[in-house]
Every structure is written in structure tokens, then in C-alpha cells.
Amino acid sequence: MKTLAFALAATTAFAPLAQADEIKQFNIGIMGGENARDRMTSNECYRAAIEAELGVPVKIFTPADYDGVIQGLLGGTLDMAWLGASGYAKIYLTDPNAVVPVLTKQNMDGSTGYYAFGFARKDSGITSVEQAKGKSFAFADPNSTSGYLVPGAELTEKFGKLEDFFSEVRFSGGHEQSIVAVANGDVAAGVTWADGLGEWEDGYNSGAFRKAADAGLIDMNDLVQIWQSKLIPEGPMVVRNVLPQDVKDKITKLTADLHETDKACAYGVAHGEAKDFVPVTHAEYEGVVAARKLQESNS
């Protein structure tokens with residue numbers, strides 16, 4: 001069991017003066033990236049553990065897009081979620097007091113970051129983004145960090161306006177959708193995320209590739225990597241600020257200890273193999289918040 005003094009102190013520091021009444025139910029939002037049924041299945045053990053810990057009904061919600069989770073947290077219909085860094089940035093820019101980041105995923109090598117990867121079908125002959133010029137390209141969701149914000153910015157900087165570089169730029173609706181669309185030949189290339197550790201053939205250790213490969217949706221040997229972003233900070237687990245402090249503390253500790261108490265459950269929550277869930281604060285996301293603010297001001 002790890003010491004969570006740092007994480008719990010962070011939640012206290014951000015806590016409002018007036019705490020909410022005792023909760024009657026606890027609602028978890030699960031971002032897109034895979035279909036709703038698989039999201040529910042991967043997180044059922046997590047839901048049950050939280051329900052046992054809090055002693056109130058705990059429900060999982062799987063909105064169709066990222067903004068559904070974001071608006072749920074802002075509107076108070078969701079109490080916690082694992083977000084991408086860009087999704088957290090959007091919440092923070094809308095209401096800096098709405099949620100507090102408490103934990104993030106730690107990779108097997110001890111790092112807390114991941115990458116956006118460009119990919120195509122191996123038999124397409126595309127081995128670089130340059131070779132995808134004039135072809136269709138899929139991003140995941142406008143609120144996705146690795147599925148749009150970072151790769152969109154990096155590719156635009158290198159190739160100019162993407163609508164002019166590619167024949168078609170589309171949003172698939174999620175990482176799983178992008179992977180399947182490329183694998184099925186519905187789109188020539190796209191981007192998704194992974195930790196970049198382990199073997200390509202396995203879908204790396206964790207990330208959208210690994211989840212799709214584990215689910216039998218794709219054979220990674222049919223795909224080829226064509227691009228890799230700079231390191232992206234791993235997204236945070238956030239909880240609503242107005243929750244009672246003891247609720248925030250219990251959820252944070254249960255999640256932080258999950259790799260020790262239920263490794264199989266942690267695998268589903270982490271989208272694959274990971275070392276741990278470790279404390280994180282807003283400071284780690286200031287760069288992404290600035291990038292998101294710039295993107296919104298230019299749109």
C-alpha cells in the first residue's frame with residue numbers, strides 16, 4: 001500500500017469551503033475509446049469495489065462522445081472520471097473549481113506519459129504521413145488529446161492545413177472507431193494512443209491498440225506505424241470538488257491501491273499493463289491547458 005498524503009493533501013487544497021451533503025449515489029463517467037459494452041465490462045470490477053467502499057449505489061455512464069463526460073462533470077451528473085489531458089483542460093478553462101485531478105497512470109518503466117501514433121494498413125503501402133497525402137485520415141474526437149489536440153497541432157505545424165493535405169479529415173467518434181476504420185480500409189490512415197512500451201505486435205503494453213487487440217478487433221500485424229508524437233502527459237483521474245472530502249479520499253486511496261489489491265481489475269481500468277496509479281496535480285497539465293486555450297482562441 002502506498003502513501004497518499006500528497007494526493008489527499010492536493011484534494012484538500014482545492015476543496016471548496018462548503019461541502020456537499022452526504023451522497024446518495026456515486027456516478028462514474030467512462031470516456032469513449034471503445035464501445036459502450038466493453039467500457040462497462042472493463043470497469044465493472046472497479047464499480048463494484050467503489051460501491052462496497054462507499055456503501056451507496058455506484059453507476060457507470062458511457063456517453064457517446066468525450067464531451068458527454070466533460071459536461072457531466074461540469075453539470076454535476078457525474079462525480080468522477082478518467083480524462084485525457086485535453087478533456088481536463090476544457091473543464092478547467094470552463095470552470096477551474098469543478099474538478100480536481102488526483103491520480104494518473106504510471107507506465108511499466110515508471111513514466112507517466114504516452115504518445116499519439118499515426119498508423120495505416122500494412123498492405124496500403126503507406127509507411128509515413130507524407131505517403132498519406134491526398135488520402136483520407138481519421139482523428140478520434142475533438143476533445144481527445146492524443147486523438148486530435150496533439151497530433152492535429154504537430155501535423156499542422158509540419159504539413160500545413162490538414163484539410164488541404166489529406167483528401168478528407170474526419171472524426172471517427174473514438175479511438176476504437178479509428179482503429180477499426182483503418183483496419184477495415186474505410187479510411188487510409190489515422191491516429192490513436194499507446195504507451196509505446198512493449199511490442200507493436202501486442203498493441204504495446206497499454207493504450208487503444210492494446211484494448212482493440214485484446215478484444216480481437218484487430219491483428220496488429222495487419223497495421224503499420226507511420227508517425228509518433230512527442231510525449232503527452234498521461235490524463236488524470238478527477239473527482240468533483242463539491243464531494244465530501246472523505247468520499248474523495250476513499251476513492252483516491254482505493255484507486256491508488258488497485259494494482260496491489262486487484263491487478264486484473266487494474267488492467268481493465270488502465271487499458272492494459274501498467275505499473276501503478278500515482279498522485280498528480282494541476283501543475284502537470286498547465287502546458288496542455290495553454291495549448292487548449294490557444295486552440296480554442298483560433299477556432
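1. Start at the join between the two domains: 14 residue pairs, both at pLDDT 80 or more, are in polar contact between domain 1 and domain 2. A polar contact here is a pair of N or O atoms within 3.5 Å; within protein, one must be able to donate a hydrogen and the other to accept it, and residues adjacent in sequence count only if both atoms are side-chain atoms.

2. Bear in mind that this is a predicted model: local features need pLDDT of at least 70, side-chain atom pairs count only at pLDDT 80 or more, and totals for chains, interfaces and linings use all residues. Residues are numbered from 1 along each chain as its sequence is written, and side-chain values use heavy atoms, with hydrogens and water left out.

3. Where are the domains? Domain 1 covers 26-108 + 235-298 and domain 2 covers 113-233, with bounds from an automatic or database domain assignment. Their C-alpha centres lie 23 Å apart. Domain 1 puts 31 residues into the contact and domain 2 puts in 24, contact meaning heavy atoms within 4.5 Å.

4. About 2,100 Å² is buried between the domains, and carbon and sulfur atoms give 46% of that. Buried area is the accessible area (1.4 Å probe) that two parts lose on being put together, summed over both. On the domain 1 side, look at Tyr66, Asn107 and His271: they supply 27% of the area that domain 1 buries against domain 2, more than any other three residues.

5. There is also 1 salt bridge between the domains. Glutamate 273 forms a salt bridge with arginine 210, and their closest N and O atoms are 3.3 Å apart. The term needs a side-chain nitrogen of Lys or Arg within 4 Å of a carboxyl oxygen of Asp or Glu.
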